[in-house]
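Please look through the structure below with the notes that follow it.

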Amino acid sequence: MRLSIAFVIVLSLMSSIFINSSFAEEKRPLVVASTTQIADLARQIAGDSLDVRSILAPGADPHTYQPTPDDVQLVLRADLCLENGLHLEGKSWMATLARDAGKLLVTTTVGIKPLEIGADGETVPDPHAWFTPRNAAVYVNNILKAFEQFDPPRKDEYRARAKLLLQQLRVLDAWIREQVSLIPPQQRILVTTHDAFNYFCHEYKFNPSNNYLSIAPVGWSTGGEVGAGMTPERRRLVIESIRNSGAPAIFVETSINPKLIREIARDTGVKIGGSLYSDSMGERGSAGETYLGMMRENVLLIVAALKP
């Protein structure tokens with residue numbers, strides 16, 4: 001009888017612990033980010049204090065993404081929303097979700113001086129700003145400021161985590177420069193599917209013949225905005241640029257169908273150097289599941305394909 005009573009008490013305590021922990025989990029404030037990169041940076045700052053979710057899944061394309069009813073419900077439950085801005089989220093779908101739900105929206109690229117790129121006779125700001133650690137640090141500071149204002153009692157925790165993350169970004173930048181130095185300047189030719197790598201090329205001096213901007217058959221967007229899609233003239237120019245540049249390899253992207261770039265590789269006789277993480281990070285458990293991992297793996301792939 002005593003054993004039975006003790007057993008019941010243990011079960012009762014375990015049940016109470018489970019219920020309390022589940023309740024605590026549910027009560028964590030919910031932060032909803034538009035992209036995987038923003039969500040990862042936010043998680044590094046939030047720790048276990050906030051529940052950070054990403055609308056985009058690994059491998060999804062923010063330019064062409066269409067929000068689902070589940071996304072609407074997620075944003076309705078959110079306490080804070082984060083977006084990239086600069087029209088990365090095609091047709092401003094994240095801003096629309098937040099506005100319709102009446103939620104506070106923070107644009108994480110505020111303070112970044114965007115690169116201006118020409119598209120169909122117009123000039124647009126390039127939204128792919130996270131592709132340098134220096135810009136990623138601006139994202140971090142914007143997220144930190146939002147968390148400090150949203151949850152003042154934990155601001156010291158958020159600041160401490162952000163400080164460590166900023167140090168990691170500085171180390172990452174120095175490491176990238178060291179790795180890129182293994183590629184002779186004349187061989188730093190980066191050709192990808194769309195113009196996601198302008199900031200990377202500009203910062204680390206790729207594509208000198210193209211004003212240190214990326215070479216891509218598709219414009220800055222893969223969606224329906226200005227600068228999207230590939231015309232026969234653009235394809236001709238890209239093929240000509242690749243042939244003239246002497247690029248030893250070109251790259252596909254994880255968030256875009258590789259068919260087009262494979263056709264161009266065939267037409268130019270240039271090999272495929274691998275698949276780069278671009279508008280989203282890798283699947284959970286992959287080497288590119290975090291921002292730091294994504295950048296590390298991209299650099300290693302680029303260097304391996306382009307160095308002598």
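Phe147, Phe200, Phe206 and Tyr291 touch the most other members of the largest nonpolar core, which has 58 residues. Such a core is a set of buried Ala, Val, Leu, Ile, Met, Phe, Trp, Tyr and Cys residues joined through side-chain atoms within 4.5 Å; buried means under 20% relative accessible area, exposed over 50%, and partly exposed in between (1.4 Å probe, protein chains only). Two or more residues of this core come from each of strand E1 (30–33), helix H2 (36–46), strand E3 (80–83), H5, helix H6 (155–180), helix H7 (198–204), strand E7 (249–253) and helix H10 (291–306). Helices (H or I, at least four residues) and strands (E, at least two) are DSSP runs, numbered from the N terminus. A second, separate core of 15 residues includes Leu30, Ile55, Leu74 and Leu97.

This is a predicted model, in which local features need pLDDT of at least 70 and side-chain atom pairs count only at pLDDT 80 or more, while totals for chains, interfaces and linings use all residues. Residues are numbered from 1 along each chain as its sequence is written, and side-chain values use heavy atoms, with hydrogens and water left out.

Helix H5 covers residues 133–150; at 1.5 Å a residue its 18 residues should span 26 Å, and its end C-alpha atoms are 25 Å apart, which agrees. The expected span is 1.5 Å times one less than the number of residues. Buried residues of H5 include Tyr139, Ile143, Phe147 and Glu148.

The second largest pocket holds about 300 Å³ of space. Its lining has 14 residues, and Arg43, Pro58, Met281, Arg284 and Glu289 lie nearest its centre. H2 gives the largest share of this lining, four residues.

Where does Thr254 sit? Thr254 is in the loop between E7 and helix H9 (259–268). It counts as partly exposed because its relative accessibility is 30%. Thr254 touches Gly59, Ser275, Leu276, Tyr277, Ser278 and Ser280, not counting residues up to four places away in sequence. Thr254 and Asp61 are 193 residues apart along the chain, with their C-alpha atoms separated by 9.2 Å.

In H9, the buried residues are Leu260, Ile261, Glu263, Ile264, Ala265 and Thr268. Just after H9, Gly269 takes a positive phi of about 75 degrees.

Technical notes. On a 1 Å grid over the protein atoms alone, a cavity is a set of points where a 1.4 Å probe fits but cannot get out, and a pocket is an open set with protein on both sides within 12 Å along at least five of seven lines; lining residues have an atom within 4 Å of a point. Grid points are joined across faces, edges and corners, and a volume is the space filled by probe spheres set on the points. Contact means heavy atoms within 4.5 Å.
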